[in-house]
Amino acid sequence: MHVLEMEGITKKFPGTRALDGVSFAVKKGTIHALLGENGAGKSTLMKILSGVYPAGSYEGKIRINGEEKRFQTPRDAEAAGIAVIHQEFSLVGELTVSENIFLGAEPCRYGVIDREALYVRTKKWMDFLGLDLDPEAKVGGLGIGQQQLIEIAKALSKNGDILILDEPTSALADEEVRRLMGILKDLCEKGVTCIYISHKLNEVMELADAVTVLRDGKVVGTSSIEALSEEKIISMMVGRKVGALYPQREGVAGETILEVRNYTVYHPVHREKKVVHDVSFALRKGEVLGFAGLVGAGRTELFSGIFGAYGGKAEGTVLLEGRELTLRHPGEAIRHGIVYLSEDRKRYGLFLGMDIKKNFSMASLDRLVKCGIVDEERELREAEEQASRMRVKMADIEMRIKGLSGGNQQKVLLGKSLMTHPKVLILDEPTRGVDIGAKADIYQIIDELSREGVAVVLISSDLPEVIGMSDRVLVMAGGRLVGEFTRKEATQEKIMACVTGGGTFA
């Protein structure tokens with residue numbers, strides 16, 4: 001029985017047809033994956049289903065359990081049993097964990113929020129997700145992975161019959177992903193229906209019962225998971241065959257360019273608490289050095305500390321080309337040739353209100369300024385060169401960057417870093433929320449950079465990505481370096497055993 005049917009959905013925006021006669025049906029108690037490259041129409045279709053785009057703004061019909069529905073607001077969709085876990089967080093940083101989960105649905109007593117009941121209900125969902133957090137902690141002070149799990153708890157708390165998950169594991173490490181998969185399978189056994197949107201095809205192959213692929217606003221096909229392979233899905237998504245996802249690395253690393261000795265980072269608020277403990281490592285020219293670990297392992301804290309962007313105190317020695325550096329802020333790091341791409345591109349990397357050209361050039365203005373004025377001709381020329389090299393799909397380089405897909409935004413952020421001519425490029429979750437075609441492009445760019453002699457640090461919670469791209473893999477857990485593997489030695493099993501079992505150094 002189909003619990004959900006969307007029939008002939010067409011949605012137009014000025015100058016474009018985002019959805020063209022899309023029909024989509026999901027069986028009760030199943031996990032149905034909705035796939036496609038960024039811009040294929042997935043989010044638009046789900047915004048229609050969740051009431052963000054009201055009835056009347058699109059053509060077609062929605063039926064829930066055979067009954068036609070016309071949602072005017074997201075609350076209408078929620079009342080019909082539809083709950084959404086958004087890719088872009090809808091959390092309020094100044095509110096607590098419990099206040100965020102039950103925002104707008106707080107338990108009340110005599111017209112006042114019942115704090116005790118709120119705490120108890122929050123603990124129930126924290127325990128269900130295996131999340132060890134204080135319900136009274138403010139969300140703004142938590143890591144992006146923890147915030148993702150809170151977003152999931154918020155959706156689950158609505159007790160919806162149809163759960164829409166938009167890239168729910170993009171900020172989660174392997175252990176959290178496994179936990180979420182178990183939760184979703186349990187929910188389906190209880191009759192909950194899940195629509196699962198993800199670029200991680202290995203998760204789709206393991207989790208989904210059926211798959212629908214969209215391309216350019218149209219349905220390419222729907223099939224049971226048994227009839228599909230990753231290669232077939234990729235071909236349906238991109239309309240062409242994609243070669244090997246990870247380039248063939250040849251181990252061309254040169255002499256040491258960056259050396260970090262006994263590096264310790266302290267929490268910005270709890271100043272005596274160490275978040276990184278006595279870490280030492282070396283990075284060579286042309287090397288791609290992978291950093292694996294679970295969310296909270298200390299990888300981001302380590303490298304944002306080295307870059308001068310972390311709020312807490314840092315101790316230790318950083319040597320670049322044999323010369324000791326003291327980096328007090330990111331500007332100094334960039335001038336020395338060290339660039340860091342944040343895992344949260346929209347918060348720390350991009351200027352969404354500006355055009356693509358300005359986003360490319362923002363970190364290089366000191367080089368583009370002549371007599372106190374930006375050389376606009378040179379700025380335009382270099383930005384266009386980077387856009388071409390990064391293979392950015394855009395209408396015009398002076399369009400607002402917020403109009404680009406996530407994958408193309410990430411390419412602009414990467415190109416912005418390259419305009420500074422870095423010696424060391426630190427990439428923190430560079431393909432999070434990026435479609436398979438853009439991933440292949442980014443991997444190729446990383447490989448090209450390393451062949452040109454740029455030293456690359458790749459921080460990723462996607463183990464196949466770390467293993468597929470890295471010449472060497474270092475593993476962190478609890479703020480400590482607990483393992484090291486060569487490219488030939490690294491496997492998912494070895495890395496996870498290292499994370500959970502105390503450490504292995506090759």
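Trainee: Which residues does I150 touch, not counting residues up to four places away in sequence?

Mentor: In this predicted model, I150 touches L91, V97, I101, L131, L133, V139 and L142 when residues up to four places away in sequence are not counted. I150 also belongs to the largest nonpolar core, a set of 35 residues in which I150, L156, L163, L184 and C194 touch the most other members.

Trainee: What makes up this core, and which element gives the most to it?

Mentor: The elements that give two or more residues are β6 (82-85), α3 (97-101), α4 (115-129), α5 (144-156), β9 (162-166), α6 (174-189) and β10 (193-197). The element that gives the most is α6, with seven residues.

Trainee: Which way do the residues of β6 point, and are they buried or exposed?

Mentor: I82 and V84 point one way from β6, while A83 and I85 point the other way, and all of them are buried. This can be set beside a general rule, that side chains in a regular strand alternate between the two faces of the sheet.

Trainee: How do you know that β6 and β9 are paired?

Mentor: Pairing requires at least two bridges between the strands, and four bridges join β6 to β9, so the two count as paired. They run parallel, and I82 stands opposite I162 in β9.

Trainee: Why is D447 called buried?

Mentor: A residue is called buried when its relative accessible area is under 20%, and D447 has 3%, so the word applies to it. D447 lies in helix α16 (residues 436-451), and, leaving aside neighbours within four places in sequence, it is in contact with P247, R249 and M469.

Trainee: Why does A387 count as buried?

Mentor: The reasoning uses the cut-off of under 20% again: A387 has 5% relative accessibility, and therefore counts as buried. The place of A387 is in helix α14 (residues 376-389), and A387 touches F360, V392, M394 and I397, not counting residues up to four places away in sequence.

Trainee: What makes β14 and β17 edge strands?

Mentor: Four strands form an open sheet in the order β14-β13-β16-β17, with antiparallel pairing. β14 (274-284) and β17 (323-325) each have a single partner strand, so one side of each is left without a neighbour in the sheet, and they stand at its edges. Neighbouring strands of this sheet are turned by 15° against each other on average, direction ignored.

Definitions and conventions. Residues numbered from 1 in each chain as written. Predicted model: local features only at pLDDT ≥ 70, side-chain atom pairs only at ≥ 80, totals over all residues. Heavy atoms only, no water. Axes fitted to C-alpha atoms, helices over the stretch in contact; angles between N-to-C directions. Core = buried A, V, L, I, M, F, W, Y, C linked by side-chain atoms within 4.5 Å. Buried < 20%, exposed > 50% of the residue type's maximum accessible area, 1.4 Å probe, protein only. Contact = heavy atoms within 4.5 Å.
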